[in-house]
Amino acid sequence: MLGYPISIVISDILILRMKILDILQETYIALSSNKIRSGLTILGIVIGIGSVIAMVSIGQGASGQIQSSIEGLGSNLLTVMPGVIQPGRGIVSAGRGSGQTLKNDDVEALRQIAGVAYISPELQRRFQIVSLVGNNTNSTVIGATPAYAEVRNASVADGSFIAESHIRSMGRVAVLGPTVAQDLFGDSNPIGVTIRINRTNFKIIGVLQSKGSSGFFNPDDTVIVPLSTMQKILAGDSFLSTIAISVESKERMPQVQEEAAFTLAEKHRVDPQSPDFSIVSQADILGTLTQVTDTFTIFLAAVASISLVVGGIGIMNMMLTTVTERTREIGLRKAIGAKKKDIGMQFLTEAVLLTFLGGILGVLLGWIISIAVSSFAGIATEVSIQAVLLAFGVSAAIGIIFGYYPARRAASLNPIEALRYE
Amino acid sequence: MIECKNIAKIYKSGEIETRALHNVSFKINDGEFVAVMGPSGSGKSTLMHILGCLDTPTSGEYFLDHKDVSQLSDDELADIRMRKIGFVFQAYNLLPRATVLRNVTLPLVYAGVSGGERECRAKEALRGAAFPENFWNHYSNQLSGGMMQRVAIARAFVNNPTLILADEPTGNLDTKTGEVVLDTFQQLHVEQGRTIVLITHEPYVAEHAERIIHIRDGNIVEDGSVKHRRVVHAE
């Protein structure tokens, strides 16, 4: 008794599967018998999907690059700056050096906070730097302590970094960023050579490893001198422009940030609600920049999707033409027993297959474009799996949306009139 | 068996009513070869659409295998056509981009017959329609008119229908090729006992059937067997 219904179910499944195969075969015949038209219609989708993939990959590449270079500036970094960052205006408008509220003894107070790994007080100014051969450059000079190397992820490619003894003795030594070294000395070795910063002679003891620009600040275009030398000789004041704090672990960042704000507010005798300094964590900087690149990516994708919509209209146009051309065929199919849904399915499958093929080729095209862009224009690109899946989804959806109307039109044709159609 | 009882069909376009059929009643038994004959505008096409379940009558009843099919929905009619009706059209209506074999299997695709059985039955039908085997894999648009019509005939009876409806099957053919097609119908009728309804305006063509129903202005004016029947190949 049980065998009978089961065999019916199995035969139903077989019929269903067969129908899918049949529809695919019909679709293949229909599309391949009109190769040029199918090809041109697919091209519309290929260009649409290809440009979306390429644009999104450029956007994501840019955001990935910014993220890695920000992280390269030092891990788990908190930056204390004088002055107040206006809420909503981001870090770009922070007036560095505008206030003179950070002092050397703030550093000692901050060092007591649990969770602080390294602390790097810094004072930076721009100065004209002249080599004795006559080359000169205008660059950022940073007065720093040995902790700078740990906090900022800096290391020397050649020579040595600022040592504790240089701080104590107010040594006139300098470590050059690779860009400055290149500008002043070209390819020759600058170690041991003397340069003049603001009319004072400094001996070069090292050259930093290159890190690449982070967008707003280029750590390669700097000269590092002992903090004491900077404060007493070059700048002539005892304030700090930045205190960079490296926190032991990511989890402790909020706690350290909070305690540092409290400690400094107490020390400066100011209301913690309106302090004369601000503390920015790496996450804040990253967040702001990610916001910018995300907007950029969305903008590019939106522009590219216009061509996708145009491609979809192309699909609809072709399907309507096909339905009209094949009116008699539809009439015949109906006469020999095709139901509305059989006809509708057949034409919808044609549209979806067109867009799906377009989707596959479009992803390939976008990929090739993004590789070409990164190798010829030097812009970082990144094709993510999500973007590819999204492109497939969108192309199939376009097939369904723009193929639905022509398919419905085909399905609802009257068989008698369709058979008579000339 | 086919039975029509008081079939009427009225077409409305705006205010004007056109009566294509007035109370038409007749019976066709299984295994009959009937010609429906009349001049153009007589209502024979309307009758064919109703017999073929492509259209429903305005009033009256139409029994196909003892089942009233006069009030069915579009999809139910499609189902009846799939199982019980085979069509042969004046313009052949073959799929141009498909092979002969594929054209013949088409009705079986919609009937949900499996691939292997489909091919078997299509080949059998092509043999029944005396279609030469070396053309089975040709594209249908490479064939002559007579050949195309024989493919259409094979397609019409491949799903073993109750009724084969042929609408002016020789209308696009010269007399000699027309003879070949009419011969095919006669052979099917004799050898396989198929029920065939042939719609034509030519008395010469109609005389190949056993019985002629004359229709004029939407009424049956004469219904009787053919006195001097034309047989292409005498047995």
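What share of the 422 residues of chain A count as buried?

1. The structure is a predicted model. In chain A, 38% of the 422 residues count as buried. The secondary structure of this chain consists of 13 helices and ten strands. Among contacts in chain A with a separation of 6 or more, 82% are between residues 24 or more positions apart.

2. The domain assignment divides chain A into two parts. Domain 1 is made of two segments, 27-67 and 289-420, while domain 2 covers 100-275. Between the C-alpha centres of domain 1 and domain 2 of chain A there is a distance of 55 Å.

3. A helix pair in chain A deserves attention. Two packed helices are described by the angle between their axes and the distance between the axes. For helix 9 (residues 282-325) and helix 11 of chain A, the angle is about 145° and the axes are 11 Å apart. The crossing of helix 9 of chain A past helix 11 of chain A is right-handed.

4. The residues at that helix pair can be listed. Helix 9 of chain A contributes G311(A), I315(A), M319(A) and V323(A), and these meet F347(A), E350(A), A351(A), L354(A), T355(A) and G358(A) of helix 11 of chain A. By class, the residues of this contact comprise six nonpolar, three polar and one charged.

5. The two chains touch one another, with 20 residues of chain A in contact with 23 residues of chain B. On the side of chain A, the elements giving two or more residues are helix 1 (3-32), helix 10 (327-335), helix 11 (340-377) and helix 13 (415-420). That side of chain A has eleven nonpolar, two polar and seven charged residues.

6. Chain B contains an open sheet of six strands, in the order 6-7-8-3-9-10 and with mixed pairing. Its edge strands, each pairing on one side only, are strand 6 (85-88) and strand 10 (219-225) of chain B. From one strand to the next, the twist averages 20°. Helix 5 (residues 145-157) of chain B packs on this sheet and touches strand 6 and strand 7 (163-167) of chain B. The direction of helix 5 makes about 170° with that of strand 6 of chain B.

7. M37(B) has H214(B), in strand 9 of chain B, as its bridge partner. The loop between strand 3 (33-37) and helix 1 (44-51) of chain B holds P39(B). Is P39(B) buried or exposed? P39(B) is exposed, because 11 other C-beta atoms lie within 10 Å, and a residue with 12 or fewer counts as exposed. P39(B) and I220(B) are 181 residues apart along the chain, yet their C-alpha atoms are separated by 12 Å.

8. Chain B also has antiparallel pairings. Strand 1 (residues 2-13) and strand 4 (residues 59-64) of chain B are joined by five bridges, and K5(B) has E61(B) as its bridge partner. Strand 4 of chain B also pairs with strand 5 (residues 67-68) of chain B, in the antiparallel sense and over two bridges. In this second pairing, L64(B) stands opposite K67(B). The hairpin of strand 4 and strand 5 of chain B has two residues between the strands, and D65(B) takes a positive phi near 50° there.

Definitions and conventions: Residues numbered from 1 in each chain as written. Chains lettered and ligands numbered in written order. Predicted model: local features only at pLDDT ≥ 70, side-chain atom pairs only at ≥ 80, totals over all residues. Domains from an automatic or database assignment. Helix = DSSP H or I, 4+ residues; strand = E, 2+ residues; numbered from the N terminus. Buried ≥ 20, exposed ≤ 12 C-beta atoms within 10 Å, placed from the backbone. Contact = placed C-beta atoms within 7 Å. Nonpolar A, V, L, I, M, F, W, Y, C, P; charged D, E, K, R; others polar. Axes fitted to C-alpha atoms, helices over the stretch in contact; angles between N-to-C directions. Left-handed = near helix turned anticlockwise from the far one by under 90°. Pairing = 2+ DSSP bridges.
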